[in-house]
Amino acid sequence: MSLLPTVERETGTDPTHSVIWLHGLGADGNDFAPIVPELVSPQWPALRFVFPHAPVRPVTINGGMPMRAWYDILGFDLLSRQDATGMRASVEAVEALIAREHERGVPGERIVLAGFSQGGAIALAAGLRHAQRLAGIVALSTYLPLADTLATERSPANAQAPIFWGHGTMDPVVALQRGLDSRAALEALGYAVDWHTYPMPHSVCAEEIADLRRWFDARLAG
């Protein structure tokens with residue numbers, strides 16, 4: 001399949017690690033690029049941040065308006081009537097981006113999948129099913145999609161994958177309870193979720209970035 005267009009930021013020459021970061025509904029790959037200087041420590045090895053643009057597609061809950069989306073949203077209950085076809089197509093697109101990082105010399109165990117909202121859902125769906133070990137998964141203000149098939153489709157290679165999850169206690173888009181239910185579903189399958197909540201709506205805050213920086217530091221420092 002053809003690769004999605006991306007925005008890229010490298011923190012040094014010849015990056016040895018990669019972060020593939022998926023944006024939320026209606027945004028694009030530029031959305032989280034400005035976060036790189038705030039997140040990255042000079043003590044870390046050189047990183048390549050890859051921010052792909054989701055395809056433009058009609059989104060049902062927005063009146064069928066075309067916008068960048070990783071999958072269609074059919075109703076306000078995000079856990080029902082899922083666009084499984086769209087989700088799986090986006091998982092395949094992420095697999096292609098991972099394969100390109102392999103071609104550029106970055107092995108799977110040095111690749112982190114990250115995402116916000118819709119992007120976080122795809123990061124979880126792709127990362128937990130990926131056949132080779134990854135460095136970790138970052139899930140921000142999101143929920144677990146395709147949960148009913150995860151037990152049979154998940155990859156043993158990422159059974160111990162570190163998962164950072166940040167969620168706003170006042171999130172009106174992906175309710176906190178959806179995040180809590182998703183965490184419970186993952187823990188029931190044996191995954192360890194590094195769970196954090198923040199007094200914010202459907203967004204990212206400075207405290208969350210500081211926590212995420214510490215999470216990365218534990219995997220990149222030295």
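Predicted model: local features only at pLDDT ≥ 70, side-chain atom pairs only at ≥ 80, totals over all residues.
The largest pocket holds about 230 Å³ of space. Its lining comprises 16 residues. Nearest the pocket centre lie Leu-25, Ile-73, Ser-117, Val-173 and His-202. The lining is made up of ten nonpolar and six polar residues. No charged residue takes part in the lining.

Helix H2 spans residues 84-103, and helix H3 spans residues 118-129. Their axes come within 9 Å of each other. The crossing angle is roughly 65°, and the crossing of H2 with H3 is right-handed. On the H2 side, the contact involves Met-87, Arg-88, Ser-90, Val-91, Val-94 and Glu-95. On the H3 side, Ile-122, Ala-125, Ala-126 and Arg-129 take part. By class, the residues of this contact are six nonpolar, one polar and three charged.

Backbone geometry was examined next. Most residues other than glycine have a negative phi. Ser-141 has a positive phi, near 50°, and is not a glycine. Ser-141 sits in the loop that runs between strand S7 (136-140) and helix H4 (147-153). The relative accessible area of Ser-141 is 0%, so this residue is buried. Leu-146 also is not a glycine, and its phi is positive at about 50°. The loop between S7 and H4 contains Leu-146. Buried means under 20% relative accessible area. Leu-146 counts as buried because its relative accessibility is 4%.

Conventions: Residues numbered from 1 in each chain as written. Heavy atoms only, no water. 1 Å grid on protein atoms, 1.4 Å probe; cavity = no way out; pocket = protein on both sides within 12 Å on 5 of 7 lines; lining within 4 Å. Points joined across faces, edges and corners; volume = space filled by probe spheres on them. Nonpolar A, V, L, I, M, F, W, Y, C, P; charged D, E, K, R; others polar. Axes fitted to C-alpha atoms, helices over the stretch in contact; angles between N-to-C directions. Helix = DSSP H or I, 4+ residues; strand = E, 2+ residues; numbered from the N terminus. Left-handed = near helix turned anticlockwise from the far one by under 90°. Contact = heavy atoms within 4.5 Å. Buried < 20%, exposed > 50% of the residue type's maximum accessible area, 1.4 Å probe, protein only.
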